[in-house]
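We will go from stop to stop, selecting a few residues each time.

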Amino acid sequence: MVLIIPTSKTRSLMSPAVIRSFALIVIFSLGAAPVAAGREGSGQPLPRFVSLRAGEVNMRIGPGEQYPIDWVYRRAGMPMEVVAEYYTWRRVRDWRGTEGWIHTSMLSGRRAMVVSGEVRALRTEPDPRAPVVARVEPGVFGRLRQCPESGGWCLVEIAGFKGWLRRGDFWGAYTSERVK
């Protein structure tokens with residue numbers, strides 16, 4: 001990575017908008033890589049899944065309250081993937097691929113999921129022949145209860161219905177991840 005820092009001579013020629021853009025480039029270039037454990041990071045593995053703690057959460061373009069709000073999420077329990085850390089800020093990705101920064105106080109370790117693709121069958125057992133508990137549409141959110149390490153199924157809860165979904169039928173867990 002090459003970092004160019006403006007001198008006092010070049011800074012006087014730059015408009016405030018150019019200076020803000022330069023600051024964002026520096027922050028993104030420094031904050032894009034995952035931060036290792038220590039005073040700057042949590043020490044937890046990256047990437048990892050979390051969920052939104054509150055019913056209204058701001059996603060910012062940089063790691064700090066001085067950065068503009070890019071998105072406002074209005075759903076507690078929405079799954080997010082933490083891809084980087086910067087002190088008390090987490091760079092997250094939502095299920096649609098949107099990335100930005102959220103303060104750790106707005107994130108929870110409680111696991112969540114969102115149905116992807118097409119209408120999916122929620123089943124009584126982790127078996128494609130098991131009876132169907134409910135049919136769920138893409139974009140429906142739920143709670144991730146457990147995923148054994150082996151097998152391609154996870155136990156989820158959606159709108160009061162508990163059942164099993166294949167890992168490929170939702171976003172919110174990695175392929176061989178164990179969730180307790």
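Start by selecting glutamate 99 and arginine 93: their side chains meet in a salt bridge, 2.9 Å from N to O. A salt bridge here is a side-chain nitrogen of Lys or Arg within 4 Å of a carboxyl oxygen of Asp or Glu. Bear in mind that this is a predicted model, in which local features need pLDDT of at least 70 and side-chain atom pairs count only at pLDDT 80 or more, while totals for chains, interfaces and linings use all residues. Residues are numbered from 1 along each chain as its sequence is written, and side-chain values use heavy atoms, leaving out hydrogens and water.

Are these two residues buried, partly exposed or exposed? Glutamate 99 is partly exposed at 28% relative accessible area, and arginine 93 is partly exposed with 28%. The cut-offs are under 20% for buried and over 50% for exposed, with partly exposed in between (1.4 Å probe, protein chains only). The whole structure holds ten salt bridges.

Next, pick arginine 74 and glutamate 56, which form a salt bridge of 2.8 Å, N to O. This pair links distant parts of the chain, 18 residues apart: arginine 74 is in the loop between β3 (69-73) and β4 (79-86), and glutamate 56 in the loop between β1 and β2 (57-60). Strands are DSSP runs (E, at least two residues) and helices are too (H or I, at least four), numbered from the N terminus. Arginine 74 is exposed at 59%, whereas glutamate 56 is partly exposed at 49%.

Now for the rings. Rings of Phe, Tyr and Trp (its six-membered ring) pair if their centres lie within 6.5 Å; planes under 30 degrees apart are stacked, over 60 edge-to-face and the rest tilted. There are four aromatic pairs by this rule. Select phenylalanine 49 and tryptophan 171: the ring centres are 5.0 Å apart and the planes at 85 degrees, so this pair is edge-to-face. Phenylalanine 49 lies in strand β1 (residues 48-52) and tryptophan 171 in strand β14 (residues 170-171), so the pair ties together parts 122 residues apart in sequence. Phenylalanine 49 is buried, at 7% relative accessibility.

Buried residues make up 38% of its 180 residues.
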